[in-house]
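User: Please show me how the features of such a model are read, one at a time.

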Amino acid sequence: MKVNGTHYRSIWFDHDLSEVRIIDQRWLPHRFEVVSLTTLDAFATAIRDMWVRGAPLIGATAAYGMAIEMARDASDAAMNHAWDKLHTTRPTAINLKWALDRCRAALLPLPVDERAGAALQLAHEIADEDVEINRNIGLNGLEIIRQIAARKPAGEPVRLLTHCNAGWPATVDWGTATSPMYHAFEEGIPIHVWVDETRPRNQGAMTSWELGSHGISHSYITDNAGGHLMQQGMVDMVITGTDRTTATGDVCNKIGTYLKALAARDNGVPFYVALPSPTIDWTVRDGVAEIPIEDRPEREVTFALGKLTDGTIGEVQVAPDGSPGGNPAFDVTPARLVTGLITERGVAEASEAGLAKMFPDLKGRA
Ligand code: MRU
């Protein structure tokens, strides 16, 4: 997507520098800063400390991290060490393990002197595939937006609500939840997006930034406003991303997603999840019981990071002195609350049968 007229992916290999480059998302939307990642440690830090974030981008970053380590040392020991180091960075998004497993399965059988080149090629493939998956999620989600638009008086916007940032910075490009929005906008369908701020890290500010940069009408709202807006008939459709979806269609996404799904159900608002197939964990059936929920530092809650009045980026303390914070970073929305899973192949029912029917070739993958 474009930033100040230049097209960016969220991660890319700079052939002139021979380095992997990322946008340091800790400072978005207030500062746009590109940095290089050159060592395995740097990749692990970037994922753990959320310089990069969002399930698909975490997966692509891990693949590039493996490639950089293979260029330094392509032994089995180095590969296993890289797998372990990258895998422990964040526990919830399954794309991380998916990408690392894919790299290891492809590289292990190769002679050591061929691994570095193959690893970089594979990282490029994973990144390119992600772009294509998200483009197709957009086209499949567009169909739903078209249907809602067709039921409205001409010119009235379709009002979507989204949570967190499942936008292009969370993926390699397009975003998952935002891709249908971009496609609808390009087609000239009027839309308005309610963007949850998504405390504690305010990923909604990033979503507002990217929608605004694209000229898409949106409002940045508090996390607790969604239920009220739905009761007032001001939301036509909710669409969120996912960090891990079980084989039975339960969806684990940024903390607060579940409450939006409950409010949507109570108000008859369709609740869709944009789901790239690498985000399906075919080994898990009960999301609430089995998906590990990341517990993040309490300081992210007791303080808030943002642009200060002097224009610098800094923290302000929100909680009173001495109050401990609690920071579960994700929650699980049971499949029964999900209207449909918008995948790259089409819209699947959020159920074991629905996912198996859409992905018969992937079902059962470890
Ligand atoms: O903690 P984050 O910012 O990595 O969480 C991101 C989300 O929860 C996204 O909704 C999810 O990864 C889907 S991104 C297409």
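Analyst: Leaving aside neighbours within four places in sequence, Q203 is in contact with C164, N165, T198 and K254. Two residues are in contact if their C-beta atoms, placed from the backbone, lie within 7 Å. The model is predicted, so local features need pLDDT of at least 70 and side-chain atom pairs count only at pLDDT 80 or more, while totals for chains, interfaces and linings use all residues. Residues are numbered from 1 along each chain as its sequence is written.

User: Where is the place of Q203, and is Q203 buried or exposed?

Analyst: Helices (H or I, at least four residues) and strands (E, at least two) are DSSP runs, numbered from the N terminus. Q203 has its place in helix α7, which covers residues 203-214. A residue is buried if 20 or more other C-beta atoms lie within 10 Å of its own, exposed if 12 or fewer, and partly exposed in between. Q203 is buried, because 27 other C-beta atoms lie within 10 Å. G204, also placed in helix α7, counts as buried with 26 C-beta neighbours inside 10 Å.

User: With which residues is G204 in contact, leaving aside its neighbours within four places in sequence?

Analyst: The contacts of G204 are C164, N165, V195, D196, E197, T198 and Y220.

User: Which residues does UniProt list for "binding site"?

Analyst: Positions from UniProt are given in the numbering used here with shortened feature names, and annotations may be inferred rather than shown by experiment. The unreviewed entry lists R53, G54, A55, R90, Q203, N253 and K254 as "binding site". K254 is found in strand β11 and is buried, with 25 other C-beta atoms within 10 Å. Apart from neighbours within four places in sequence, K254 is in contact with H163, C164, T198, Q203 and F330.

User: Of the 17 residues around the ligand, which come nearest?

Analyst: A residue is near a molecule or strand if its C-beta atom, placed from the backbone, lies within 6 Å of it. Of the 17 residues around the ligand, the nearest are R53, A55, A170, G241 and K254. Two elements that each supply at least two residues of this shell are α2 (55-72) and β11 (251-254).

User: What is the order of the strands in the open sheet of four?

Analyst: Two strands pair if DSSP finds at least two bridges between them. The order is β13-β10-β11-β16, with mixed pairing. Because β13 (280-281) and β16 (330-333) stand at the edges with a single partner strand each, one side of each has no neighbour in the sheet. Four bridges join β11 and β16 in the antiparallel sense, and N253 has D331 in β16 as its bridge partner. Helix α9 (residues 257-267) packs on the sheet and touches β11 and β16.

User: At which residue does UniProt place the feature "active site"?

Analyst: The unreviewed UniProt entry places "active site" at D243. D243 lies in the loop between β9 (237-240) and β10 (244-246). With 30 other C-beta atoms within 10 Å, D243 is buried. Not counting residues up to four places away in sequence, D243 touches A55, T92, A93, C252, N253, T279 and F330.

User: With which strands does β9 pair?

Analyst: The pairing of β9 with β6 is parallel, over two bridges, and L161 has V238 in β9 as its bridge partner. The pairing of β9 with strand β12 (residues 271-274) is also parallel, over three bridges, and there T240 is partnered by V273. Strand β6 (residues 158-162) in turn runs parallel to β7, joined by five bridges, with R159 opposite H192. Strand β7 (residues 191-196) is mostly covered, as five of its six residues are buried.

How values were computed: Axes fitted to C-alpha atoms, helices over the stretch in contact; angles between N-to-C directions.
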